[in-house]
Amino acid sequence: MAEKSVEILLVEDNPNDVELTLLALKDNNLTNPIHVVRDGAEALEFIFATGAYADRQNAEKPRVILLDLKLPKVDGLEVLRQIKANPHTRAIPVVALTSSREECDIVESYNLGVNSYITKPVDFDQFTHAVRTLGLYWLLLNQPPVM
Amino acid sequence: MEERPVEILLVEDNPNDVELALHALKKNNIANRIEVVRDGAEALEFIFATGAYARRSIDHVPKVILLDLKLPKVDGLEVLRQIKADPRTRAIPVVALTSSREERDIVESYNLGVNSYITKPVDFDQFTQAVRTLGMYWLLLNQPPRL
């Protein structure tokens, strides 16, 4: 059985933020296949095709990973570190999408090689607008790595 | 004299592309403080505050560097390599903005740590739209590192 193609991997444990993000993408006709994982351990299994995702060994890499930083089980920064430390996954664009405005998170993310860092707007409309813009940018404008 | 930090560093040797990009950015009030350099050697002098730019402060980093890859004197990939190899400049977002669709340029750029890779649309309107979208993304949405 062919594994499902996934273009956006959303790593987010907050159900409200998941719902809002999916809604914002759909409202803007960004219907690219999206997969949601709710903690850092599941994110790593998906990305490295292990555990519950062992059947994804030959699957195409997502065009972008939207990564919350405050996650259960494995922290978002550790997920980022592992993605960027592995030659097979290093080139996947990773966007930190987080409520953290702490300078140490911002600096550490860039040092680990995050492609972009976006602080979640608190306002509903601004959040929707931010998700739309980042969806357009990473799905339509950015040239993904050939992997 | 106090210098105001540059928002965008545009590294581009093609005068037509420079004019188009400046037009697209200024028309939409996305950025006013744009510095243009025309070859890779001048780009490095600006970024590392040496040579003709020795009086600049290296701490005044742009919010984004738009980098053509085919450049006189020093190649764009070498400019990218030096930016991402130096802890003082590694965190600056670098977007490759290039006419190259060659797979090895794409792969090499991502391996060197480019934040995003955009192929220049040939069509005038699409080029303007692409520059506007990337300007809005990197100046308004992305949280730059405070270096």
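Visitor: What stands opposite Ile8(A) in β3(A)?
Guide: Val64(A) does. The model is predicted: local features need pLDDT of at least 70, side-chain atom pairs count only at pLDDT 80 or more, and totals for chains, interfaces and linings use all residues. Residues are numbered from 1 along each chain as its sequence is written, chains are lettered from A in the order written, and side-chain values use heavy atoms, without hydrogens and water.

Visitor: How many bridges join β1 and β3 of chain A?
Guide: Four, in the parallel sense, between β1 (residues 8-11) and β3 (residues 64-67). Strands are DSSP E runs of at least two residues, helices H or I runs of at least four, numbered from the N terminus. Two strands pair if DSSP finds at least two bridges between them.

Visitor: What is the strand order in the sheet?
Guide: β2-β1-β3-β4-β5 of chain A, an open sheet of five strands with parallel pairing. β2 (34-37) and β5 are at the edges with a single partner strand each, so one side of each has no neighbour in the sheet.

Visitor: New topic. How many residues of chain A are in contact with chain B?
Guide: 26, and they meet 26 residues of chain B. Contact means heavy atoms within 4.5 Å.
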